[in-house]
Amino acid sequence: MRSVPYLPQNKLTLLHSGAEFFPALEGAIDSAQFEVVLETYIFSTDAVGQRIKAALIRAAARGVKVRVIVDWIGTGREYSAALDVEFGRSQVHYRIFNPWFRRGVTRSHRKLCVVDGALAFVGGLNLNDDLHCDYDDFKVLPAPRWDFAVQIAGPLVDLIHREANAQWARLGKMNLVARIGLYRQLRELPALASNKAMLAAFVVRDNLRNRRTIQRAYLQALGRSRKSVLLANPYFAPGHKFRNALARAAARGVEVTLLIGVGEFRMQDAVAHSFYPKLLKSGVKVIEYRKTQLHGKVAVVDDDWATVGSSNFDGLSLFLNQEANVVVKDAVFSQSLRAHIERGIADGTPVLLDEFINMPWYRRAWYGAAFMIYRSLMRIVTMGGYA
């Protein structure tokens with residue numbers, strides 16, 4: 001299993017929800033001198049989307065080269081087209097990922113931005129209002145969406161910048177020779193570092209060279225865990241390797257806690273529930289979060305390993321869509337993220353094994369059927385990758 005390539009001497013700042021992320025992003029764009037590259041899954045029409053759009057247009061107006069990539073499904077067919085017109089008038093370079101499913105069913109779920117090749121943002125936050133549900137603009141959330149991003153300065157930014165530029169190039173017109181050359185360039189990894197402060201790595205998932213990269217990073221961390229594992233994610237439907245890694249860690253005495261967002265999609269909740277009995281029997285603690293929409297995709301293992309990014313624990317993120325995470329080996333950063341997750345756990349509801357041992361047969365049948373349907377669909381769209 002190939003190791004994650006960490007780079008030393010980075011400065012990472014954890015940003016919790018839009019209240020911290022959007023001012024930092026807007027400020028960075030307003031300070032840009034020559035380049036802004038931004039990727040997002042959802043670019044909303046709401047006040048937050050308008051605010052970031054205005055910052056991008058201001059940057060282009062003062063001569064900054066601004067490039068924006070949005071996902072066609074996430075942003076929506078009509079607004080994706082509207083942005084094309086508006087950005088075109090404003091000298092903002094703009095591309096849409098996979099319109100009309102021309103590249104198959106895969107989506108770009110990445111959320112990142114690089115400013116002047118010196119500052120980067122990576123995380124789970126889309127460009128939409130924290131108090132409005134991201135799949136229903138008319139649904140007001142009871143509290144700001146629970147989500148995270150990281151602001152990055154240091155050597156890691158170069159890798160993120162290179163990946164963002166490659167994504168832009170891939171969405172343009174490239175002949176086969178150019179695409180092969182780009183592929184070879186991206187395969188050149190930096191030398192591994194060790195025993196140096198603020199180690200961080202940038203891991204992406206795609207359907208070419210990085211089909212298992214993000215899952216591999218999780219599996220390595222779980223396999224090496226010794227004391228505790230805290231995982232938070234809105235959707236829990238990974239393959240058997242991921243589920244087994246959680247169970248094995250708990251079985252050898254590691255305190256494994258899984259914080260799951262529930263209440264968004266009935267089918268998704270049923271699939272997650274189908275996994276609960278085995279996880280609970282193995283000693284994994286499962287906490288359901290209902291305070292607001294849990295959208296963060298974060299984890300902390302032991303005292304010095306953490307990750308923040310866009311990848312869910314489901315078949316789409318782990319086996320199909322394009323994703324981007326930052327992995328950090330640093331005690332201070334991990335402690336900060338751990339504190340947030342522990343507050344989320346305190347706001348959640350523990351799931352008890354007795355509830356599932358004694359559940360009515362029809363609920364057990366529904367959960368099993370939901371999983372079988374989900375697994376069949378995932379095996380089709382991932383061409384057998386999900387298991």
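User: How many cavities of 30 Å³ or more are there?
Analyst: Keep in mind that this is a predicted model. The count comes to four cavities of 30 Å³ or more.

User: Tell me about the second largest cavity. How much space lies in there?
Analyst: The second largest cavity has about 110 Å³ of space.

User: Which residues line the second largest cavity?
Analyst: Its lining has 15 residues, and those nearest the centre are Phe 21, Glu 39, Lys 111, Leu 112 and Leu 125. Two or more lining residues come from each of these elements: α1 (17-31), β2 (35-40), β5 (112-115) and β6 (119-123).

User: And how does that lining divide into nonpolar, polar and charged?
Analyst: Ten of the residues lining the second largest cavity are nonpolar, three are polar and two are charged.

User: OK, new topic. How many aromatic pairs does the structure hold?
Analyst: There are 22 aromatic pairs in the structure. One of them joins Phe 21 and Phe 121: their ring centres are 6.1 Å apart and the planes meet at 75 degrees, so this pair is edge-to-face.

User: Which parts does the pair of Phe 21 and Phe 121 tie together?
Analyst: Phe 21 belongs to helix α1 and Phe 121 to strand β6, so the pair links parts that are 100 residues apart in sequence.

User: Is Phe 21 buried or exposed? And what about Phe 121?
Analyst: Phe 21 is buried, at a relative accessible area of 6%. Phe 121 is buried too, with a value of 2%.

User: What about Tyr 374 and Tyr 386, how are their rings placed?
Analyst: The ring centres of Tyr 374 and Tyr 386 are 5.7 Å apart with planes at 85 degrees, so that pair is edge-to-face. Tyr 374 sits in helix α13 (residues 361-381) and Tyr 386 in the segment after α13, so the parts tied together are twelve residues apart in sequence. Both tyrosines, Tyr 374 and Tyr 386, are buried.

User: Which residues form an aromatic cluster?
Analyst: One cluster is made of Tyr 218, Phe 236, Phe 242, Phe 275, Trp 305, Phe 313 and Phe 371.

User: Let's move to the sheet. What order do the seven strands have?
Analyst: The open sheet runs β1-β7-β6-β5-β2-β3-β4, with mixed pairing. At the edges are β1 (11-16) and β4 (93-97), each pairing on one side only. From one strand to the next, the twist averages 10 degrees.

User: In which sense do β2 and β3 pair?
Analyst: β2 and strand β3 (residues 65-71) pair in the parallel sense, over six bridges. As for Leu 38, its bridge partner in β3 is Val 68.

Key
Residues numbered from 1 in each chain as written. Predicted model: local features only at pLDDT ≥ 70, side-chain atom pairs only at ≥ 80, totals over all residues. Heavy atoms only, no water. 1 Å grid on protein atoms, 1.4 Å probe; cavity = no way out; pocket = protein on both sides within 12 Å on 5 of 7 lines; lining within 4 Å. Points joined across faces, edges and corners; volume = space filled by probe spheres on them. Helix = DSSP H or I, 4+ residues; strand = E, 2+ residues; numbered from the N terminus. Nonpolar A, V, L, I, M, F, W, Y, C, P; charged D, E, K, R; others polar. Phe/Tyr/Trp six-rings, centres within 6.5 Å; stacked < 30°, edge-to-face > 60°. Buried < 20%, exposed > 50% of the residue type's maximum accessible area, 1.4 Å probe, protein only. Pairing = 2+ DSSP bridges. Axes fitted to C-alpha atoms, helices over the stretch in contact; angles between N-to-C directions.
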